[in-house]
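I opened this notebook to record what I looked up, one topic at a time. The entries follow the order in which I went through the model.

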Amino acid sequence: MDQTDPLLQKIIEAHTQLRATQPLVQCITNSVAANYVANVLLASGASPAMIDNPFEAESFTRISSALSINLGTPTTEQMQAMQISALTAQQASVPWVLDPVGYGAILSWRSEMTDELLQYRPTVIRGNASEMSALAGNQVESKGVDSTLDSTEVYIQAWSLLEHAECIAISGESDFILSKELDCVIQVNGGSHLQPRVTATGCALGALIAAYCAVTSTTLATLAAHVHFAIAGQLAYQTAKTVGAFNVAFLDVLDSLTAEQISEYASFSMIRR
């Protein structure tokens with residue numbers, strides 16, 4: 001039996017559970033991404049709530065099933081809400097995902113906040129290769145908030161980040177998930193070259209990981225979210241070859257994905273350290 005077979009069955013179970021429970025996911029995300037993230041979560045079966053002010057952060061995090069924090073376009077009030085919600089999530093055992101968008105020396109304010117948020121033990125840290133490399137302590141120049149590195153260059157560097165989280169997820173042409181639980185790297189293939197040309201796909205992936213964390217274990221949640229995304233990208237491109245059409249088709253496949261399609265199209269492998 002292939003070593004990924006048991007994981008594949010658990011991914012299908014997690015997908016079924018996500019749709020059955022429709023977990024409430026609090027999203028403190030960026031202004032560019034908020035609408036898209038909400039639509040992705042709705043299409044995937046979760047229930048999004050974009051509560052990002054410090055006056056409601058604590059009370060709402062306590063009733064949430066999961067939390068997603070994204071530093072894409074931080075405001076002063078958002079920064080305060082991030083600290084409150086991250087602390088509350090840690091205290092209340094609410095799983096949460098940290099997406100350190102633009103982390104590095106150029107955007108120092110948000111980067112210093114990211115460093116502070118690590119003390120609240122995010123469940124998963126996800127980002128592109130440049131962000132993950134910089135967060136792991138390497139000097140990397142990025143193109144704004146876009147990656148200039150390939151994910152295959154970074155996953156070995158990122159092992160140190162497992163001191164702060166249960167899983168590290170690195171997005172790229174192939175995605176790499178570093179699992180503390182399994183002590184391995186999982187490579188996820190699929191998707192489409194059009195995905196990086198749609199605003200906020202990475203931000204939405206972070207929120208979807210959070211949603212899956214509400215219904216299954218951390219490693220499986222991270223893997224299930226990536227597989228869900230990768231298959232949706234792959235199938236959407238089969239019928240939509242332009243960016244606008246692809247964007248709509250991608251949401252449609254996120255919504256209509258079946259257990260049979262997961263079984264047929266999921267492509268991932270385990271790489272031992």
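**Terms and setting.** I call a residue buried under 20% relative accessible area, exposed over 50%, and partly exposed in between, with a 1.4 Å probe and protein chains only. This is a predicted model, in which local features need pLDDT of at least 70 and side-chain atom pairs count only at pLDDT 80 or more, while totals for chains, interfaces and linings use all residues. Residues are numbered from 1 along each chain as its sequence is written, and side-chain values use heavy atoms, with hydrogens and water left out. Helices (H or I, at least four residues) and strands (E, at least two) are DSSP runs that I number from the N terminus.

**Salt bridges.** I counted a salt bridge where a side-chain nitrogen of Lys or Arg comes within 4 Å of a carboxyl oxygen of Asp or Glu, and the structure holds 4 of them. I looked up Asp-99 and Arg-126, whose side chains meet in a salt bridge at 2.8 Å, N to O. This pair links distant parts of the chain, since Asp-99 belongs to strand β4 (residues 96-99) and Arg-126 to strand β5, 27 residues apart. Both Asp-99 and Arg-126 are buried.

I then turned to Glu-166 and Lys-180, which form a salt bridge with their closest N and O atoms 3.8 Å apart. Here too the pair links distant parts of the chain, with Glu-166 in the loop between α6 (129-135) and β6, and Lys-180 in the loop between β7 and β8, 14 residues apart. Glu-166 is partly exposed at 33% relative accessible area, and Lys-180 counts as partly exposed at 33% as well.

A further entry concerns Arg-62, which forms a salt bridge with Glu-58, the closest N and O atoms being 3.5 Å apart. Because they are 4 residues apart in helix α3 (residues 57-63), Arg-62 and Glu-58 are separated by about one helical turn. I noted Arg-62 as partly exposed at 42% and Glu-58 as partly exposed at 41%.

I looked next at strand β6 (residues 167-171), where 5 of its 5 residues are buried. Both of its faces are covered, with Cys-167, Ala-169 and Ser-171 on one side and Ile-168 and Ile-170 on the other. I took two strands as paired if DSSP finds at least two bridges between them. Strand β5 (residues 124-128) runs parallel to β6 and is joined to it by 5 bridges, with Val-124 standing opposite Cys-167. On β7 (residues 175-179) the pairing with β6 is antiparallel, over 4 bridges, and Leu-178 is the bridge partner of Ile-168. I also noted that β6 and β7 form a hairpin with 3 residues between them.

Which cysteine sulfur is nearest to that of Cys-167? I counted a disulfide as a pair of cysteine sulfur atoms within 2.5 Å, and the structure holds 0 disulfides. Cys-167 is in none, and its nearest cysteine sulfur, that of Cys-213, is 7.7 Å away. Cys-184 is likewise in no disulfide, the nearest cysteine sulfur being that of Cys-167 at 8.9 Å. Cys-167 is buried at 0% relative accessible area, and Cys-184 is buried at 0% too.

**Helix α5.** In helix α5 (residues 108-117) I found these buried residues: Arg-110, Ser-111, Met-113, Thr-114 and Leu-117. They lie on the same side of α5 because they cover an arc of only 160° around the axis, the arc being that of the directions from the helix axis to the C-beta atoms. Counting contact as heavy atoms within 4.5 Å, I noted that what covers them includes β3 (66-70), α4 (76-92), β4 and α6.

**Loop residues.** Gln-195 is found in the loop between β8 (184-188) and α7 (201-213), and I listed it as buried at 10% relative accessibility. Leaving out residues up to four places away in sequence, Gln-195 touches Thr-201, Phe-229, Gly-233, Phe-246 and Phe-250. Ala-200 lies in the loop between β8 and α7; its phi is near 80°, a positive value in a residue other than glycine. Ala-200 counts as buried at 12% relative accessibility. Arg-121, in the loop between α5 and β5, has a positive phi of about 55° although it is not a glycine, and at 36% relative accessibility Arg-121 counts as partly exposed.
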